[in-house]
Amino acid sequence: MSYAYLFKYIIIGDTGVGKSCLLLQFTDKRFQPVHDLTIGVEFGARMITIDNKPIKLQIWDTAGQESFRSITRSYYRGAAGALLVYDITRRETFNHLASWLEDARQHANANMTIMLIGNKSDLAHRRAVSTEEGEQFAKEHGLIFMEASAKTAQNVEEAFIKTAGTIYKKIQDGVFDVSNESYGIKVGYGGIPGPSGGAGSSSQAGGCCVNATLLPLNVMAFVPSMKNWRRSTRRHQEANKFGIDEVLALKPISSPVPVALYPTLAVVMLSIGFMITAFFFIYEATSTRKSRSLPKEFAAASFASVFLGFGSLCLLLASGVYV
């Protein structure tokens, strides 16, 4: 579908604050009570309408774990808007906002629009951060503020669309050079720069959400800033062959094994692997050269390698390390 402008968003904040749920609610209009931790980055897109112009929002949902911060930082470049999310029921997620904001302003363009979202407003009875505190933080740092609930969809549409409206107004005011895609804005069909009235706020339903969690890291890490990396190594140049259309064309990939089972599988497989390894060494020590069986040795070594390998993989996944 054609669009006048494409705006790139990034969603940031601590792990577990509901970033992926906000994205899912906005793109698919549904809430998923149990959501796997984001590994790397997830991607979603949806069309909206502002000032009678079709606007495409391209949204990158990042992992909140500290181990993924280096990957997350690469996505700040070329973002027109950011949704900085905290959980109103967890005080520590609010306390970490300053660190996230510092990261965003250090690695993003100075004119990036930032919306501060206090998520899980449906859990007001467990509130640990007052609305006034959120408003004060936003006022002190020049942010837009809104409390929302990914579960009930309260203010979810408004948060994404209000951010887009602010970006659109900056375009009309000449703040952005829309010919420079490093600002996170791409002109599509009918997107002619120049003033044309104020920003509206009507939305167009329907969209897509593409899970890019398990894309190969060389693609995932370089797609958002392809133009800036074109001078780099051969690996970067290979990544540049992949555009956004190719990302959207990829089928969603998800693990067939629930994340909660990784620790159990790691223990079971490693235990079996160590037992087979012990059998192998005992067999070698107690048998003679004439009585040893080569097929038996080969089978023991093979099974030990398989169980130890998959056990180590499950251990890495359980600890949150991207493999």
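User: What makes strand β3 (residues 53–62) largely enclosed by the rest of the structure?

Analyst: Nine of the 10 residues of β3 are buried, so the strand is largely enclosed. Buried means under 20% relative accessible area, exposed over 50%, partly exposed in between, with a 1.4 Å probe and protein chains only. Strands here are DSSP runs of E, at least two residues, and helices are runs of H or I, at least four residues, both numbered from the N terminus. This is a predicted model: local features need pLDDT of at least 70, side-chain atom pairs count only at pLDDT 80 or more, and totals for chains, interfaces and linings use all residues. Residues are numbered from 1 along each chain as its sequence is written, and side-chain values use heavy atoms, with hydrogens and water left out.

User: How do you know that β1 and β3 pair, and how many bridges join them?

Analyst: Two strands pair if DSSP finds at least two bridges between them. Seven bridges join β1 to β3, and the two run parallel. That meets the definition. Tyr 5 stands opposite Ile 55 in β3.

User: Which strands does β4 pair with?

Analyst: Five bridges join β4 to β1 (residues 5–13), in parallel. Tyr 9 has Gly 81 of β4 as its bridge partner. Seven bridges link β4 to β5 (residues 113–119), also in the parallel sense. There, Val 85 faces Ile 117 of β5.

User: Why is β4 called mostly covered?

Analyst: Strand β4 spans residues 81–87, and seven of its seven residues are buried. In a regular strand the side chains alternate between the two faces of the sheet. Both faces of β4 are covered. One side holds Gly 81, Leu 83, Val 85 and Asp 87, the other Ala 82, Leu 84 and Tyr 86, all buried.

User: Why is Leu 97 called buried?

Analyst: Its relative accessible area is 0%. The cut-off is under 20%, so Leu 97 qualifies. The residue sits in helix α4.

User: What does Leu 97 touch beyond its neighbours within four places in sequence?

Analyst: Leu 84, Val 85, Tyr 86, Leu 116 and Phe 137. Contact means heavy atoms within 4.5 Å.

User: Which residues of α5 are buried?

Analyst: In α5 (residues 131–141), the buried residues are Gly 134, Phe 137 and Ala 138. They fall within an arc of 95°, so they line one face of the helix. An α-helix has 3.6 residues a turn, so residues three or four places apart point the same way. Glu 132, Lys 139 and Glu 140 are exposed on the face turned away from the buried side. The buried residues of α5 pack against β4, α3 (91–95), α4 (97–107), β5 and β6 (144–147). After α5 comes Gly 142, with a positive phi near 70°.

User: How many aromatic pairs are there?

Analyst: Nine. One of them is Phe 94 with Phe 137: 5.8 Å centre to centre, 65° between the planes, edge-to-face. Phe 94 is in helix α3 and Phe 137 in helix α5, so the pair ties together parts 43 residues apart in sequence.

User: Why is that pair called edge-to-face?

Analyst: Rings of Phe, Tyr and Trp (its six-membered ring) pair if their centres lie within 6.5 Å; planes under 30 degrees apart count as stacked, over 60 as edge-to-face and the rest as tilted. At 5.8 Å and 65°, the two rings pair and are edge-to-face. Both Phe 94 and Phe 137 are buried.

User: What share of the whole chain is buried?

Analyst: Buried residues make up 45% of the 323 residues. The chain has 11 helices and eight strands.

Conventions: The arc is that of the directions from the helix axis to the C-beta atoms.
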